[in-house]
Amino acid sequence: MWLRIVGKAMRDRWPRVTLALAALTVASGLSTALLALYADIESKLRGQFRGYGANLVLSAAGGAPTLPLSALAEADRHGEAAPILYSVQTIRGEPVVLAGTDFRRIEPLSQYWEVRGQRPAAGEALVGVAVAERFQLRPGDSLDLGGESRPISGVVVTGGPEDSQILLPIQDAARLSGAGEQASLIALRVPAVAVEQARQRLAQALPGVEVRVLRAVVESEAGAVLKIRGTMFLLTLLVLAITILSVANNFGAMVHQRRVEIGILKAIGGGDGRLAGWFAAEAAAVALAGSLAGFLLGTLAARALTWQIFRQPAGTAWGTLPAALAVTVAVAVLAVVAPLNRIRAIQPAVILRGE
Amino acid sequence: MALIELVEVTKRYSDALRALDQVSLRIDPGEWVAILGPSGSGKTTLLNLLGGLDQPSEGQVQVDGADLGRLNRRQLARYRAETVGFVFQQFHLIPYLTALENVMVAQYFHSLTDEAEARRALEKVGLGDRVRHLPPQLSGGEQQRVSIARALINQPKILLADEPTGNLDAANEQTVLEILDAVHREGHTILMVTHDETVGGRADRRVYLEHGRVAGVVSREARLKFFPLEPIS
């Protein structure tokens, strides 16, 4: 009987029920989308920031020019690391900085590099844009380095010191400079939250090595994550507050519309609690349907937004389903508190008099 | 012992408006009492007080030993579900529930629903073939009969009827009055508000209200006589 009455009451008031369903679907959808992005934003932004380069640099302590490449193994335990070996060579009578590195390792730390042509293989070189302009070099040309003719695989634009350097595989650079198994520095990227911890552990594990934090990168990364998360959180609260007002208004109107029916039901023995229970059940049913519909729509929206912002695919965040469900039901509960109180205030004698 | 006893009951809606003024009345079990009087005389207010829909400003309303003025909201809801049945002039059925479901709602508030019993109640008022109809699909007389079936489904001690024939044509009025006659013969106590002397004439006793006060009481036996301001015993 209970189900029959609630079901028929909902069917009878379908325009208002549909409106409430739409509002709760929007609330659930936005919550799902924002929660999915919120949960994923750190890893996605980390991926983006990773491309902006290292946030820790390891160099030899005490003024030594190089540190042993064996330090790389320790650095690898904390994040993505790449060695760089600097030397100076003369090209056409002018000194130029050679930077030898492991191009496979430097790849994730240099996604902001714009390479015209290819990154170099063994025996090749990548020249900075300033070097290319100075010596009129283009991809496919050759460059004489230490008596060896070396093909230029590409020209790199970074906006940084690499623009004035010649980059080549670290083994080639070591052979040309005679440095052996050494590096001038090791660039290291660790998650922003773990930078300080990584610095301390590396300093402890590598006594002859100076570990420096690149503050600007770390702070901008942490700042961006916090700001974006904060904005999303506030936006979610705003949407939920608007939804509560909207659904409360809708349910309030529904109670007002049904005040005669409520008065009659009270007159024939319906208690406040039981009648309020019917409305609460209607709200719960609408909230449940809205949660599920919103979860589906929100997941699709989160996928579209993730692709739009990060150009990366996003999976279905099943973990947000309980949260979306809880949020939507909480919104519905908050929204029906005032209308349910109004049910209690309805006096059948007044209603049946037609007032 | 009286089933219903009103002792100097006053109902004020404001300082200037007294719907009932020092009304005293006793009604015995199985009695059919008609409350008559012009509009605004306090007839419906009296019915609402007896139905537990309203509370007196002063005095006592005692029904079956219970002082309604002392009952809380929950107890009043139980009282309405178990002790009284309402029949209204406007029928007041739930429009989206069938005739059968309208009767079953009252069962639901009382205790458990019993579809067969609800069906029998509708058959008893001549609506055995209309149980699946919605109120808008029924005539006024049929709706009122559904309302009577709903009021009686829980075997209440008292049937409270507010202008039960007020919205009906002569034929339907006759049908409803015959049903009330039958209900009365079964031993139910009926308190009926009406402005129609002919309808009121069916009752054992007629109580006349004017300006919220009892203006007179006429028994069936003395229906041709009128006793203005007769003291209430």
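Contact means heavy atoms within 4.5 Å. This is a predicted model, in which local features need pLDDT of at least 70, side-chain atom pairs count only at pLDDT 80 or more, and totals for chains, interfaces and linings use all residues. Residues are numbered from 1 along each chain as its sequence is written, chains are lettered from A and ligands numbered from 1 in the order in which they are written, and side-chain values use heavy atoms, with hydrogens and water left out.

The size of an interface is often given as the accessible area lost when the parts come together. Here, chain B and chain A bury about 2500 Å² between them. Of this area, 62% is on carbon and sulfur atoms. Buried area is the accessible area (1.4 Å probe) that two parts lose on being put together, summed over both. In chain B, the residues that lose the most area to chain A are B:Tyr96, B:Tyr108 and B:Phe109. Together they account for 31% of what that side buries.

Polar links also cross the interface. The rule finds 7 residue pairs in polar contact between chain B and chain A, both residues at pLDDT 80 or more. A polar contact is a pair of N or O atoms within 3.5 Å; within protein, one must be able to donate a hydrogen and the other to accept it, and residues adjacent in sequence count only if both atoms are side-chain atoms. Helices (H or I, at least four residues) and strands (E, at least two) are DSSP runs, numbered from the N terminus.

B:His92 lies in the loop between strand S6 (84-87) and H3 of chain B. At 14% relative accessibility, B:His92 counts as buried. Buried means under 20% relative accessible area, exposed over 50%, and partly exposed in between (1.4 Å probe, protein chains only). Leaving out residues up to four places away in sequence, B:His92 touches A:Ile264, A:Leu352 and B:Arg150.

Salt bridges were counted next. A salt bridge is a side-chain nitrogen of Lys or Arg within 4 Å of a carboxyl oxygen of Asp or Glu. The count over all chains is 33, and 4 salt bridges run between chain B and chain A. In one salt bridge, the side chains of B:Glu115 and A:Arg4 meet at 3.9 Å, N to O. B:Glu115 lies in helix H4 (residues 115-124) of chain B and A:Arg4 in helix H1 (residues 2-12) of chain A, so the pair joins two chains. B:Glu115 is partly exposed at 30% relative accessibility, and A:Arg4 is partly exposed at 29%. A network of salt bridges links A:Arg4, A:Lys8, B:Glu101, B:Glu115, B:Arg119 and B:Arg132.

Within chain A, A:Glu74 and A:Arg77 form a salt bridge of 3.2 Å, N to O. A:Glu74 is buried, at 16% relative accessible area, whereas A:Arg77 is exposed, at 66%. A further salt bridge joins A:Arg258 and A:Glu282 at 3.0 Å, N to O. This pair links distant parts of the chain, 24 residues apart. A:Arg258 sits in the loop between helix H8 (215-257) and helix H9 (259-267), and A:Glu282 in helix H10 (residues 272-310), of chain A. Both A:Arg258 and A:Glu282 are buried.

In soluble globular proteins, nonpolar side chains tend to be buried together. The largest nonpolar core in the model has 74 residues. A nonpolar core is a set of buried Ala, Val, Leu, Ile, Met, Phe, Trp, Tyr and Cys residues joined through side-chain atoms within 4.5 Å. B:Ile35, B:Leu50 and B:Phe109 have the most contacts inside the largest core. A second, separate core of 41 residues includes A:Ala125, A:Phe135, A:Ile152 and A:Val155.

Chain A has 12 helices and 12 strands. Of its 355 residues, 48% are buried.
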